[in-house]
Amino acid sequence: MNNCRLCPRNCGIDRSELIGYCGRTDKLTVARSSLHMWEEPPISGKNGSGTIFFTGCNLRCIFCQNHDISTGDNMGKEVTPEELNEMFFELIEQGAHNINLVTPTHYADKIAEALRIRKLPVPVVYNCGGYESVETLRMFEGLVDIWLPDFKYAEDKLGESLSKVNNYSSVAEAALTEMLRQQPQNVFDENGMMLKGVIVRHLILPLHTKNSIAVLETMAEKFPGVLVSLMAQYTPIKEFEDFPELNRGITKREYDKVLDKMDELGIDGFVQDRTAKGEKFIPDFSMFSKKPD
């Protein structure tokens, strides 16, 4: 890979030899592969979502609960596209309702290659931070059935502070428009499991309900009818000196304020309970961790 342009940062680094902003070379690296029960009900179902977490991330948000893999150098196992395809089918044999690709952006070309090796008999979920290049998303046309992006920030100043991107909202809107072009309708089976469609996630952050409300207003105005998953699971992963508000979870008042706005706007979707937070909800990423020398 020369001059990487897979994500909107366009860092242009030759990741065949160097490390990009995502913290990785172009070596496809998996941090965890397992059935996962903590997704939205039509994604997890009874058996779980066949979730593959990739090491590294193009956003590297300072508050990331998966920071061990988004920023950790010693996490994960390098695999080839052929080996990744085998991992898909191993999860399907375990009963996975779908194959759920978590933070796939910086490996998009190799993941698309893996998906083409053998067609999967279950839906493919693209689970990302929402900061996506339209050109990269088009690599997955006909390969991805369910788009599961975040919409983190309607306030770009907040995105600049917490994720070091100054254009998150416009990029996320363009990406979501492309996802909806590829999958314009939600389709569910007789058991309520999602087969095709789009669900947009938003994580409420403490002291930033204004941003959450702005995200919901954007969804209602520009993407009416799209399902929104409102998440309340924010858990501090370290002590933040520069952002003291991030040293706690959200309050009931903050939660209710955002939920009331979602109801007022008539947005359909999913709402996570405030009890779904804490380290017990953070996956164990040690299965492929490298042992120190």
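Predicted model: local features only at pLDDT ≥ 70, side-chain atom pairs only at ≥ 80, totals over all residues.

Which residues of helix 4 are buried? Residues are numbered from 1 along each chain as its sequence is written, and side-chain values use heavy atoms, with hydrogens and water left out.

**Helix 4.** I find Ala108, Ile111, Ala112, Ala114 and Leu115 buried in helix 4 (residues 108-117). Buried means under 20% relative accessible area, with a 1.4 Å probe and protein chains only. Helices are DSSP runs of H or I, at least four residues; strands are runs of E, at least two. Down the axis of helix 4, the buried residues fall within an arc of 160 degrees, so they line one face. The arc is taken from the directions from the helix axis to the C-beta atoms. Their cover includes strand 2 (49-54), helix 3 (81-93) and strand 4 (99-102).

**Helix 6.** I checked helix 6 (residues 156-163) next: Leu158, Gly159, Leu162 and Ser163 are buried. Their arc is within 100 degrees down the axis, so they line one face of the helix. Helix 8 (209-222) is among what covers them. Just after helix 6, Lys164 has a positive phi of about 55 degrees.

**Ser44.** I placed Ser44 in helix 1 (residues 41-44). Ser44 counts as buried because its relative accessibility is 2%. A polar atom of its side chain lies 3.4 Å from the backbone oxygen of His36.

Key. Buried < 20%, exposed > 50% of the residue type's maximum accessible area, 1.4 Å probe, protein only. Polar contact = N/O pair within 3.5 Å; in protein donor to acceptor, adjacent residues only side chain to side chain. Contact = heavy atoms within 4.5 Å.
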